Amino acid sequence: MAYEQMVSDILKAVGGKENVSKASHCATRLRLVLKDESLVDKKSIDNLDKVAGSVFSGGQYQIIIGMSVPDVHKEFLTAMGTPEVDTEVEQEKEANIFNRFFKAIVGIMTPTFGVMGAAGIMKGLLALALAFGWLKEADGAYQIWYAVAQGFFYFLPIWVGFNASKQFGGSPFVGAMLAAGLVYPTIVSAYTEHTTLTFFGIPIVMVNYTQSLFPAMLSSYIAAKLETFFRKVLPDVLKLMFAPFLTVLIATPLVFLLVGPVMTWLSDILAAAVMAIYNFNPILFGIIGGAFWQVIVVFGLHYAFIPVLINNITNLGHDPINAVFHVTVMALAGAAIGYALKTKSTKQRTLGFSVGLTGLLGITEPIIYSIALPVRRQFIYAWISGGVAGAIMAGTGSLVYNFGNGGVMAIPLFIAPDGKLSSMFAFIVASVVAFVGPIVMNFIFGTGEGK
């Protein structure tokens, strides 16, 4: 009940619970899908004590709260009087294709971020342990920890299939079931051993689906549509068993004969296209990406890039793009700390240190909306510092090998599977540059308050 008054004020300012179609949250934001966005009193919400700002983005009204957002979200659902607030079908049809795609990506990937980050950090630390001789690959401790960490990425299609089916209106276990078939040991062995398989005489293009992303997404979409159809046409007494059965019966050959190979092919093209953009001029990309990636975060569109970044990791085993983006977190953290050190306001100093700490742990939205946008010079300091740091990352050819949290928690992600530490050292140097730069600029040029 600690957030009861806050939730009450938010509900009043967004037009009441009758105006809310769906309520969800990410790491720091309460995300609301509203029936009529014109009813929102944005100024009132932005002025609430525990709110760092708000923004309309991707068909959602996003309220930046911070690390306590899960508790606020729970209180919000209680105030709504329901454990689940579903978007009405009619409104989904009215939404444009971009917004629908964006919402689907957020819903599919957000639940995995915490565990994905944990798995990435664990893999990085295990690689470090091998490099320094603290553990050996034959050690039981290494094998157990590695099995759990790598298991998450190996069976990524299952988690994606589960979440995607929920987003597309199907049974999550049907999506997980189809995805589990993609990574079933016999299928993986057939790929690695170049075994030829046919489906009633039709040759199957064998693909390694472990750690893949897009095949499970599209498979779940198709399965959800099939299941919805069968639930409409089958008698009630047959729906429970035969709707999933007929869905899987039809979807399975579609997935293995068409969906899986085509989506894998498109994933390869996507990875190649992203790398082509980077390779055109790595240092220029580093400057632009290091400076302005957080602007994408301002509009809440960074989640749309998540599948692309994960796809690079799963397809290539590494990613230079996200390696550049990681330093932008440290630049904003430096801006918040520098602002806190220089400002004369006790309240703002406390705020700066608080959000600066969250920035060092990889969460930048509180910094953006409480400091970087209200005191825009701080964003400029972060752009300059991030651009320099991004150029360092790109110029040294640094790579990130796992997907996970930002800030100081990202350091293990830069350790190569074979134990090479060059990218990790480059990230540490670039992070120091990104972090210290805004602090120095605050002391030289001032905070920019009142400008």
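The following legends describe close-up views of a predicted model.

**Figure 1. The largest cavity and the residues around it.** The structure contains one cavity of 30 Å³ or more.

Figure 2. At least two lining residues are supplied by each of helix H13 (282–298), helix H15 (320–342) and helix H18 (376–395). Of the elements at the largest cavity, H18 gives the most to the lining, namely four residues.

**Figure 3. The second largest pocket.** The second largest pocket holds about 550 Å³ of space. Its lining is made up of 22 residues, and Asp49, Lys50, Val51, Ala52 and Leu351 are the closest to the pocket centre. Two or more lining residues come from each of helix H16 (346–360) and helix H17 (365–372). H16 provides the largest share of this lining, with six residues. By class, the residues lining the second largest pocket divide into 10 nonpolar, eight polar and four charged.

Figure 4. Val237, Leu238, Met241, Phe242, Phe245, Leu249, Ile250 and Leu254 together form a nonpolar surface patch of about 750 Å².

**Figure 5. The salt bridge between Asp46 and Lys42.** Side chains of opposite charge can pair when their charged atoms come close. The model has three salt bridges in total, and the remaining legends take them in turn. In this view, the side chains of Asp46 and Lys42 form a salt bridge with an N to O distance of 2.8 Å. Both Asp46 and Lys42 belong to helix H2 (residues 42–46), where they stand four residues apart, or about one turn of the helix. Asp46 has a relative accessibility of 25% and therefore counts as partly exposed. Lys42 is likewise partly exposed, at 31% relative accessibility.

**Figure 6. The salt bridge between Arg231 and Glu227.** A salt bridge joins the side chains of Arg231 and Glu227, with 3.3 Å from N to O. Helix H11 (residues 214–233) contains both Arg231 and Glu227, which are four residues apart, about one turn of the helix. Arg231 is partly exposed, with a relative accessible area of 34%. Glu227, by contrast, is buried, because its relative accessible area is 3%, and the buried class covers values under 20%.

**Figure 7. The salt bridge between Asp236 and Lys239.** The side chains of Asp236 and Lys239 meet in a salt bridge at 3.0 Å, N to O. Asp236 and Lys239 lie three residues apart in helix H12, so about one helical turn separates them. Asp236 counts as exposed, with 64% relative accessibility, whereas Lys239 counts as partly exposed, with 22%.

Methods
Residues are numbered from 1 along each chain as its sequence is written. This is a predicted model: local features need pLDDT of at least 70, side-chain atom pairs count only at pLDDT 80 or more; totals for chains, interfaces and linings use all residues. Side-chain values use heavy atoms; hydrogens and water are left out. On a 1 Å grid over the protein atoms alone, a cavity is a set of points where a 1.4 Å probe fits but cannot get out, and a pocket is an open set with protein on both sides within 12 Å along at least five of seven lines; lining residues have an atom within 4 Å of a point. Grid points are joined across faces, edges and corners, and a volume is the space filled by probe spheres set on the points. Patches are made of residues with over 30% relative accessible area and no salt bridge: like charges are joined within 9 Å, nonpolar side chains (Val, Leu, Ile, Met, Phe, Trp, Tyr) within 5 Å. Accessible areas come from the Shrake-Rupley method with a 1.4 Å probe; for residues, only the protein chains shown count as cover. A salt bridge is a side-chain nitrogen of Lys or Arg within 4 Å of a carboxyl oxygen of Asp or Glu. Ala, Val, Leu, Ile, Met, Phe, Trp, Tyr, Cys and Pro count as nonpolar, Asp, Glu, Lys and Arg as charged, and the others, Gly among them, as polar. Buried means under 20% relative accessible area, exposed over 50%, partly exposed in between (1.4 Å probe, protein chains only).
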